[in-house]
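User: Hi! I have a structure open and I'd like to walk through it with you. Can we start with how its pieces are arranged?

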Amino acid sequence: MSPSSINTQVKAMNISEGDSILSSEAVKAAAAEIIDEIDELDSERIDLQTEIVTVTEIDDEDHQDECDELETMIDNLRLQAEELREENKDLLEFAADLDNWSVVDTSLICEDYFTQYAEEMARDIYGIDTNEWPCNLIDWDEAADQLLSDYTSIEFGTTTYYYRG
């Protein structure tokens, strides 16, 4: 599987910096898939390095071409693993932070979406119509700021997310 196919998988799992709401478990699952792919590439590279040692023990000209080909394959696998790590660095760090802070099965709300989230939460919990008087007079930015006291922040790349904790 190539790094671009992993990126496609991650996007298919709806994991992207800036999404309004993310699931902590989906983030961790996406990171685990990426780590598994990196491990697979590293394992293939190690197998080829072992094979090159075996081939170099046979000292004849015919095997030099095979060694050169194996070295090229090893370099390509190393580059693929590095690209995969770099392309997904923020996601991998974000997932590690979630694990380190024991964030389990939690919704992560993007900072840019938090005011709207507070309004939707009030609608869902209290059954109010936020477009009707007197609810249409509520300062939802202030309400969201007050709600933040129950939330903890965490960074995904350059985006701040909040979770209840």
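This is a predicted model: local features need pLDDT of at least 70, side-chain atom pairs count only at pLDDT 80 or more; totals for chains, interfaces and linings use all residues.

User: Got it. At what angle do helix α5 and helix α6 pack?

Analyst: Helix α5 covers residues 114–126 and helix α6 covers residues 140–147; they pack at an angle of about 90 degrees, and their axes are 8 Å apart. With the cut-off above, α5 and α6 are therefore roughly perpendicular to each other.

User: Nice. Which residues in α5 and α6 meet?

Analyst: On the α5 side you'll find Phe114, Thr115, Tyr117, Ala118, Glu119, Met121 and Ala122. They meet Trp140, Asp141, Ala144 and Leu147 in α6. By type, the residues of this contact between α5 and α6 divide into 8 nonpolar, 1 polar and 2 charged.

User: Let's zoom out. How many helices and strands are in the chain?

Analyst: The chain has 6 helices and 4 strands. If you follow the sequence, the pattern reads α-β-α-α-α-β-α-α-β-β.

User: In what order do the strands sit in the sheet?

Analyst: The 4 strands form an open sheet in the order β1-β2-β4-β3, with antiparallel pairing. At the edges stand β1 and β3 (151–156), each with a single partner strand, so one side of each has no neighbour in the sheet. On average, neighbouring strands here are turned by 35 degrees against each other, ignoring direction.

User: What holds neighbouring strands together in general?

Analyst: Strands of a sheet pair through backbone hydrogen bonds.

User: OK, how many bridges join β1 to β2?

Analyst: There are 3 bridges between strand β1 (residues 21–23) and strand β2 (residues 107–110). Ser23 has Ser107 in β2 as its bridge partner, and Ile21 stands opposite Ile109 in β2. Helix α2 (residues 24–57) packs on the sheet as well, touching β1 and β2, and its direction makes about 65 degrees with that of β1.

User: And on the β4 side of β2?

Analyst: There, 2 bridges join β2 to strand β4 (residues 159–164), and these two run antiparallel. For Ile109, the bridge partner in β4 is Tyr162.

User: Switching topic: how many disulfides does the count come to?

Analyst: The count comes to 0 disulfides. As for the cysteines, Cys67 counts as buried at 4% relative accessibility, and Cys110 is buried with a relative accessible area of 3%.

User: What share of the chain is buried?

Analyst: Buried residues make up 34% of the 165 residues in the chain.

Conventions:
Residues are numbered from 1 along each chain as its sequence is written. Side-chain values use heavy atoms; hydrogens and water are left out. Axes are lines fitted to C-alpha atoms, for helices over the stretch in contact, and angles run from 0 to 180 degrees between N-to-C directions. Angles under 35 degrees count as roughly parallel, over 145 as roughly antiparallel, 65 to 115 as roughly perpendicular and the rest as oblique. Contact means heavy atoms within 4.5 Å. Ala, Val, Leu, Ile, Met, Phe, Trp, Tyr, Cys and Pro count as nonpolar, Asp, Glu, Lys and Arg as charged, and the others, Gly among them, as polar. A disulfide is a pair of cysteine sulfur atoms within 2.5 Å. Buried means under 20% relative accessible area, exposed over 50%, partly exposed in between (1.4 Å probe, protein chains only). Two strands pair if DSSP finds at least two bridges between them.
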